[in-house]
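Dear colleague,

Please find below the structure that I am handing over to you. The findings follow directly after it.

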Amino acid sequence: MSKIFSFGFWNSIARVILRNRVVIIAIIIGITIFLASQWQNMRFSYTEANLLPDDHEINITYNNFLDKFGEEGNLIVLAVNDSTLFTPEKFTAWNKLSEKLQTYPEIENVISLGNLKKLQKFNDPNRFEMVPLLQEEKWDSTQVAGYKDEIFNKLPFYDNLVYSNNTNTIQTALYIKEEIVNSQERKIFVIDVLGPLIKKFEKDNNINVYVSGMPYIRTLNSQNIIDEIGLFIGGALLVTSLIFFFFFRSIRATVISMITVLIGVMWAFGVIGLLHYEITVLTALIPPLIIVIGVPNCIFLINKYQQEIKNHGNQAKSLQRVITKVGNATLLTNLTTASGFATFILTDSKLLKEFGIVASINIIAIFILSLVIIPIIYSYMALPKDKHLKHLNKKWIGGFVDWVERMVRDHRIAIYIGSISLLVLSIIGIYTIKVSGSLLEDMPQEAAFFKDIEFFEEEFNGVMPLEILIDTKKPKGALKLSTLKKMENLENTINEVPELSSPLSVVRLAKYSKQAYYNGNPKYYQLPTSQEQNFIAPYLKGIASEGNLLNAYVDTTGQYARMTTFMKDIGTEEMERIEAGLWPQINKIFPPDRFDISLTGKALIFQKGTTYLVKNLVISLSLAILLIALLMAWMFRSFRMILISLIPNLLPLIVTAGMMGFLGVPIKPSTILVFSIAFGISVDDTIHFLAKYRQELKANNWKIKRSVYAALRETTVSMFYTSIVLFFGFSVFMISSFGGTVALGGLVSATLLFAMSANLLLLPSLLLSLEKSIANKKVLKKPAMQIIVNEDDVLLDEEENKIKNKKSRREV
């Protein structure tokens, strides 16, 4: 009955499609125009990906920090390591560059050589004032040399802030206005204003300027993502069309397929805009993914159409059978692929949820488009010529099918030994996998801005801010001498960690105030004693009027203090090791019963998010496996068949994980997607093979061997075609400049090849070896859904039902 229903359902679908061609094409055009109008709502992400839920403890801590001190990622730094900078002409040019930058409305503040101030003591009344360090407008060599000596030898307050005493590197700090840090205005300023200004300075003065800071890095990284979307789409179209043409040797078949997937790409962008999602490093992968996943749909449909034309030459009958016979199987394979992506919706990560929603919607959409567009276009075209059908009889494909059959028939033991060996090796490799939460690791390492990042890591020990928030639990508690001494102890502890830079905090200002009290003598750059603090206190009253010098490190109540250090590009495991070493020292210096200490910052959030994401990976992959298993159970109604079908799909995932361990590819946000994507796609081959196998069983009176070989010969070609398209399609991602995207493309491609091999060799071998366990109707019952519709079976079932009905009437 299920076969009759299935056949009847898809027959009705075929009639609707072929009888309403103009209406359907009009509907597709209308939807395409509507979704194209939604492109204007697409937004590119201007912030780092936050992989944690909004209500996660780490995010709450970070938001608490922002409430006290505002945006922490608003610093851009320009650095020069060139001795000729301290010549009158170049020194003046560097100062003029800083002055010009200060005039732009996007800039809140600039700290540079040209506008440095020093803390100076005045009497009558007793006070400190920040006075300009530079007085002259024109400089000679002696004055520049004297100024350099004063900065490097008499102003330790600016060490690691304006200069590096170790290498004589000079840097200018640009503080972007908080309201534009996460907006398009930041992008316009960085790319259209700052970039040209720096290039002009470099050209005019023959000095290399290094630029870094999170706003700058994020802007150029986002621009790279935007640039690569077009590269991926173009690459995917080129590769898949070439492979498609190689297989079919038909320009019109290739063009029809490309038109279909291009409409799918337009819909994908439209869905992103319609849902008002941002284009991130993950959602940017969806349009080329639609091409890669959509082309196999076209292969199945066009291949079936050409087979039908070759068999009987009736176009109307061929088009109806394409929809009727291939529609069900293609729907199920697209559903399983979409399910692999849809499991991300169930995670708590906003980034993954959005990716899962858009990907699963558009995978179903590309199925509908291919099922509708291909038969309709072919219905208006002449019948394929003989040259278009030659690919159906290629000798090399026949040779490949013969080899697969020979391996399954004669070398099953070798297949099992190879599979077990791969399994053991992969498990060993899995134990060497590392988790990486580096914010910079996936960025394009050949890009100029990444070279600048490496420069700042070497000169200033990193560019990624790590914030320490100190809650003294008492108003003005952060300014007490006892608290300052504790903070100095913590700074000394941090200075012993080579991956962290020298911290910036109110301690520097306290030390500087003592130096100023002693008329700028650098040997007094240290915390005052209790007695000295009493003498200095009257002078400190004037500092509050000196801009936000104190407010940068202490909140308005004086209860909270901030300590900023910068991290090198380290991974999750390294950061966890540093944290584990810091916390005992922190708790010893700041007793938890008297102080609340928090570590925060965007770099730390990203690393914590990676660990959180790994847990979500296990959940989403487990859900995908469970979902597929339930689908298999519903289709085949056999527990043994569930196990047999899952083995050749789980083995490739384990092999890929082992390969990641041996190749040193860490688990990170980009590579986490590999497993769910590959599993959702690879299970399609299993469904096709088992569906055909179940059909052959009935046709061959439940003879396992004959059915396995018949199913193998029938499905090998389509499995091979689609796997090759998927392999090269995903390989397109390897042209990316982002390391994570390269790894994603390579690993998914490799996994799909392993999956094809497992489905062609291991799956039929298991069926043959376990034939006694499954070769009966009780174990392999009639499927709940007829996946591949056979018209003869349907007619036979109808005759059987008629006979039964006649017999029942006679008995009555």
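Glutamate 532 is buried, at a relative accessible area of 13%. In this predicted model, glutamate 532 forms a salt bridge with lysine 514, and their closest N and O atoms are 2.9 Å apart. The pair links distant parts of the chain, since lysine 514 belongs to helix H17 (residues 506–517) and glutamate 532 to helix H18 (residues 530–540), 18 residues apart. Lysine 514 has a relative accessible area of 3%; because buried means under 20%, lysine 514 counts as buried too.

A second salt bridge joins aspartate 402 to arginine 713, with 3.1 Å between the closest N and O atoms. Here again distant parts of the chain are linked: aspartate 402 lies in helix H13 (residues 395–410) and arginine 713 in helix H23 (residues 704–731), 311 residues apart. Aspartate 402 is partly exposed at 34% relative accessibility, and arginine 713 is partly exposed with a relative accessible area of 41%. Through salt bridges that share partners, Asp402, Glu405, Arg409 and Arg713 are joined into one network.

The count of salt bridges comes to 13. One of them is formed by lysine 118 and glutamate 150, whose closest N and O atoms are 3.7 Å apart. Lysine 118 sits in strand S4 (residues 117–122) and glutamate 150 in helix H5 (residues 141–154), so this pair ties together parts that are 32 residues apart in sequence. Lysine 118 is partly exposed, at 26% relative accessibility.

In soluble globular proteins, nonpolar side chains tend to be buried together. The largest nonpolar core has 142 residues, and those that touch the most other members are Phe355, Ile677, Phe689, Tyr693 and Phe730. Helix H11 (residues 350–379) gives the most to this core, with 16 residues. Leaving aside residues up to four places away in sequence, phenylalanine 730 touches Leu289, Val292, Ile677, Ile681, Gly745, Val748, Ser749 and Leu752. Another core, of 101 residues, lies apart from the largest one; Phe189, Ile198, Val211 and Ile453 are among its members.

There is also a sheet to report. Three strands form an open sheet in the order S11-S10-S12, with antiparallel pairing. Strand S11 (560–567) and strand S12 (596–600) are at the edges and have a single partner strand each, so one side of each is left without a neighbour in the sheet. On average, neighbouring strands of this sheet are turned by 20° against each other, direction ignored. S10 and S11 run antiparallel and are joined by eight bridges. Leucine 466 stands opposite threonine 565 in S11. Helix H19 (residues 572–589) lies across S10, S11 and S12, and runs at about 165° to S12.

Lysine 473 is partly exposed at 39% relative accessibility, whereas lysine 476 has a relative accessible area of 52% and counts as exposed.

With kind regards

Methods: Residues are numbered from 1 along each chain as its sequence is written. This is a predicted model: local features need pLDDT of at least 70, side-chain atom pairs count only at pLDDT 80 or more; totals for chains, interfaces and linings use all residues. Side-chain values use heavy atoms; hydrogens and water are left out. A nonpolar core is a set of buried Ala, Val, Leu, Ile, Met, Phe, Trp, Tyr and Cys residues joined through side-chain atoms within 4.5 Å. Buried means under 20% relative accessible area, exposed over 50%, partly exposed in between (1.4 Å probe, protein chains only). Helices (H or I, at least four residues) and strands (E, at least two) are DSSP runs, numbered from the N terminus. Contact means heavy atoms within 4.5 Å. A salt bridge is a side-chain nitrogen of Lys or Arg within 4 Å of a carboxyl oxygen of Asp or Glu. Two strands pair if DSSP finds at least two bridges between them. Axes are lines fitted to C-alpha atoms, for helices over the stretch in contact, and angles run from 0 to 180 degrees between N-to-C directions.
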